[in-house]
Amino acid sequence: MAEDVKSFGELKSTLIKAKPAATAEAGEAPKSNRDSKGRAYATGRRKDAVARVWIKPGRGNITVNGRDEKVYFARPVLRMIIRQPLIAANRDNQFDVIITVAGGGLSGQAGAVRHGISRALVAYEPALRAALKPGGFLTRDPRAVERKKYGRPKARRSFQFSKR
């Protein structure tokens with residue numbers, strides 16, 4: 001800045017003047033990110049699993065790695081986990097979801113799919129962010145397996161102590 005600013009009020013007024021007119025409007029709705037076929041894409045991650053998710057309007061079919069969700073995620077708990085964002089956004093049975101997931105185990109993959117579906121819903125319809133954010137669906141869970149340390153049988157476990 002060429003001029004000296006003496007207060008935060010002056011700084012704010014100079015920054016507002018520098019903004020372009022299109023972004024200054026408060027009533028402007030965020031634009032969705034859809035491709036030419038009307039799909040929204042997002043990536044979800046959990047532990048070592050990575051899920052690539054595409055959503056498009058449909059009947060509510062969920063396909064995971066070319067198989068139906070009931071075949072891929074056989075446990076009902078895992079199917080419940082991947083449907084949570086759709087239910088929270090009141091969009092269950094309104095979108096077809098195509099998922100490619102790799103890495104980790106089934107539990108981590110279900111968490112990655114949940115994260116990916118949440119992000120894809122926000123990319124398709126940005127107004128859903130307010131419904132998904134309080135539930136923690138958009139937050140990437142940072143927990144991961146701790147590495148094994150040398151001289152120990154596991155990450156923290158030590159060998160049994162014997163006085164002899």
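The exercises below go from the overall layout to single residues.

This is a predicted model, where local features need pLDDT of at least 70, side-chain atom pairs count only at pLDDT 80 or more, and totals for chains, interfaces and linings use all residues. Residues are numbered from 1 along each chain as its sequence is written, and side-chain values use heavy atoms, with hydrogens and water left out.

**Exercise 1.** Work out how many helices and strands the protein has, and their order.

*Solution.* Start with what counts: helices (H or I, at least four residues) and strands (E, at least two) are DSSP runs, numbered from the N terminus. That gives six helices and five strands. Next, read the order from the N terminus: α-α-β-β-β-β-α-α-β-α-α.

**Exercise 2.** Take the pair Tyr-41 and Trp-54: what kind of ring pair is it, and which strands does it tie together?

*Solution.* First, the rule: rings of Phe, Tyr and Trp (its six-membered ring) pair if their centres lie within 6.5 Å, and planes under 30 degrees apart count as stacked, over 60 as edge-to-face and the rest as tilted. The count comes to three aromatic pairs. Here the ring centres of Tyr-41 and Trp-54 are 5.0 Å apart with planes at 45°, so this pair is tilted. Then look at location: Tyr-41 belongs to strand S1 (residues 40–46) and Trp-54 to strand S2 (residues 49–57), so the pair links parts 13 residues apart in sequence.

Now check the cover (buried means under 20% relative accessible area, exposed over 50%, partly exposed in between, with a 1.4 Å probe and protein chains only). Tyr-41 is partly exposed at 40%, and Trp-54 is partly exposed at 21%.

**Exercise 3.** Classify the pair Tyr-72 and Phe-73, and say whether these residues are buried or exposed.

*Solution.* The centres of the Tyr-72 and Phe-73 rings are 5.0 Å apart and their planes sit at 80°, so call this one edge-to-face. As for cover, both Tyr-72 and Phe-73 are buried.

**Exercise 4.** Describe the surroundings of Ser-118.

*Solution.* Find Ser-118 in helix H5 (residues 106–124). With a relative accessible area of 0%, Ser-118 is buried. Now list its contacts (heavy atoms within 4.5 Å): leaving out residues up to four places away in sequence, Ser-118 touches Pro-85, Leu-132, Phe-137 and Leu-138. Finally, zoom in on Phe-137, whose backbone oxygen lies 3.5 Å from a polar atom of the Ser-118 side chain.

Methods:
Polar contact = N/O pair within 3.5 Å; in protein donor to acceptor, adjacent residues only side chain to side chain.
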